[in-house]
Structures are given as C-alpha cells and as structure tokens.
Amino acid sequence: MLWKESFFLKHFFYLAHNLRPMEFSSKLLENAVNEVSQLPGIGKRTALRLVLHLLNQPEDQTLQLSLSLQKMREEINFCKNCHNISDTDLCEICANPNRDAKLVCVVEDIRDVMAIENTSQYRGHYHVLGGKISPMDGVGPGDLNIPTLVQKVKSGTMNELIFALSSTMEGDTTNFYIFKQIEDCDIITTTIARGISVGDELEYADEVTLGRSILNRIPFESSLKST
Ligand SMILES: [Zn+2]
C-alpha cells in the first residue's frame with residue numbers, strides 16, 4: 001500500500017471514531033501507557049489517566065506498587081491439592097483440619113472460591129479448574145486441572161463432588177465432560193441450584209431460569225433453613 005493511502009486510511013479511521021492518535025512527549029510515558037492499556041477493560045485514555053496519577057504520587061508509592069506486582073509474579077504458588085492461588089504449598093482451606101476433605105466443590109477460578117467463602121455456608125474443599133472448556137477460545141480439557149480431579153475422585157477418598165461452574169454453554173460442557181470421566185465411580189455428584197434470585201419478581205425472570213427453578217424445586221422445609 002502506498003504511504004499516502006495508508007496515511008489517509010489511518011486518519012479516516014480516527015476521524016470516523018472521533019479519536020485522534022495520542023501524541024506523547026515522552027517515550028517512557030508512552031511505554032507505560034501501552035503496558036497499562038493491555039489490562040482488561042482499560043483503554044488508552046484511561047491508561048493515560050492512571051499513569052499520570054501514578055506520576056503525581058510520591059515516588060515510593062509507585063515503586064511499592066511495581067514491587068508488589070513483581071513479588072506476586074515471582075513468588076505466587078498454587079495449592080498442590082486444589083490449585084487455588086496460595087502463598088504456601090497447601091492453601092489455608094486445604095490445610096484446615098476442620099474442613100471436610102470428602103466434600104469437594106468444582107469451580108472455575110479463585111473468584112468463585114472467594115464468592116462461596118463469603119457466604120460462610122460451605123465447609124468442604126474446592127478444586128479450581130483454571131477455566132472452562134471453550135473451543136471458541138482454544139481452551140480444551142488438557143488446558144485445565146481436570147486430570148488431578150479425576151485422579152482424586154478415582155482414589156475413592158471423596159463422598160461428594162459439587163459442580164459449581166457458571167450456567168453457560170461452556171460451564172455445562174465442562175461439567176458434562178468431567179461427569180463422563182467419573183460416572184462409574186462411587187461418588188455422589190451434585191450441582192449448585194439454579195433459580196430465581198432472592199428478592200426477584202417471578203414475572204421478570206427469564207424462561208430458562210424459571211424453567212430450571214421449577215425442575216429443581218426443593219422441599220419447602222429446606223427453603224426455611226436458608227432464610
Ligand atoms: Zn488448596
């Protein structure tokens with residue numbers, strides 16, 4: 001392509017999107033903005049705002065931030081039992097003798113562990129898969145912590161496995177894939193209840209959620225325990 005064509009195309013793009021290319025007075029600033037803008041949900045303009053904010057802070061505060069990120073990157077561990085992010089070989093949950101190791105909840109990542117822990121309703125262990133099977137994103141079963149889970153189930157040390165993946169096509173596919181690997185094992189498999197959120201009006205619930213709520217109805221006495 002001629003340089004003139006490429007020049008006009010580039011500027012047409014910026015005009016069409018009501019944007020102008022950022023002109024940096026410093027290469028160091030530009031590099032920092034480019035790095036920060038790689039983070040999810042952060043565009044170039046937000047990145048510039050954040051970088052300028054850091055520049056206005058006392059120098060040791062910015063150094064502390066970069067040091068803690070570096071330290072996290074270099075020293076972070078994954079629990080050898082459940083694959084949760086941990087500072088030690090065994091995470092606090094797996095190392096706690098008061099937790100029930102025979103009850104294991106399968107989740108996608110640490111955010112799900114934190115969400116369930118915040119409910120204070122669960123006293124079992126977890127197994128963190130590190131994602132969901134998603135052919136569209138190039139994630140296959142071999143990219144996830146599935147073999148160690150299957151191995152754990154087959155060792156016969158567990159009573160119940162709870163599937164707690166999100167209710168999406170990828171989540172359902174992953175649940176089904178794991179279930180097929182262990183269906184001959186002597187273990188109870190359950191899935192977290194899907195249904196109407198607390199405080200939701202029934203008429204506004206979508207058909208799939210409402211349909212699942214009817215199919216997975218529970219004894220009335222059980223509903224009293226959770227209130
Ligand atoms: Zn653990």
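The legends below describe close-up views of a predicted model.

View 1. Of its 227 residues, 15% are buried. Among contacts with a separation of 6 or more, 45% join residues 24 or more positions apart.

**View 2. Helix α7 spans residues 146-154 and has a buried side and an exposed side.** Its buried residues are Ile146, Leu149, Lys152 and Val153. They lie on the same side of α7 because they cover an arc of only 125° around the axis. An α-helix has 3.6 residues a turn, so residues three or four places apart point the same way. Pro147 and Gln151, on the other side of α7, are exposed.

**View 3. Several elements cover the buried residues of α7.** Among them are the strands β3 (100-107), β4 (124-128) and β5 (160-163). Helix α8 (169-182) is also part of this cover. Just after α7, Gly156 has a positive phi of about 75°.

**View 4. The largest nonpolar core holds 22 residues.** The members that touch the most other members are Val104, Cys105, Val106, Val107, Tyr126 and Val128. At least two residues of this core come from each of β3, β4 and α7. The most come from β3, which gives four. In soluble globular proteins, nonpolar side chains tend to be buried together.

**View 5. Val106 is one of the core residues that touch the most other members.** Leaving out residues up to four places away in sequence, Val106 touches His127, Leu129, Leu149, Leu161, Ile162, Phe163, Ala164, Leu165 and Ile178. One of these, Leu149, is a buried residue of α7.

Definitions and conventions. Residues are numbered from 1 along each chain as its sequence is written. This is a predicted model: local features need pLDDT of at least 70, side-chain atom pairs count only at pLDDT 80 or more; totals for chains, interfaces and linings use all residues. A residue is buried if 20 or more other C-beta atoms lie within 10 Å of its own, exposed if 12 or fewer, and partly exposed in between; C-beta atoms are placed from the backbone. Two residues are in contact if their C-beta atoms, placed from the backbone, lie within 7 Å. The arc is that of the directions from the helix axis to the C-beta atoms. A nonpolar core is a set of buried Ala, Val, Leu, Ile, Met, Phe, Trp, Tyr and Cys residues joined through C-beta atoms within 7 Å.
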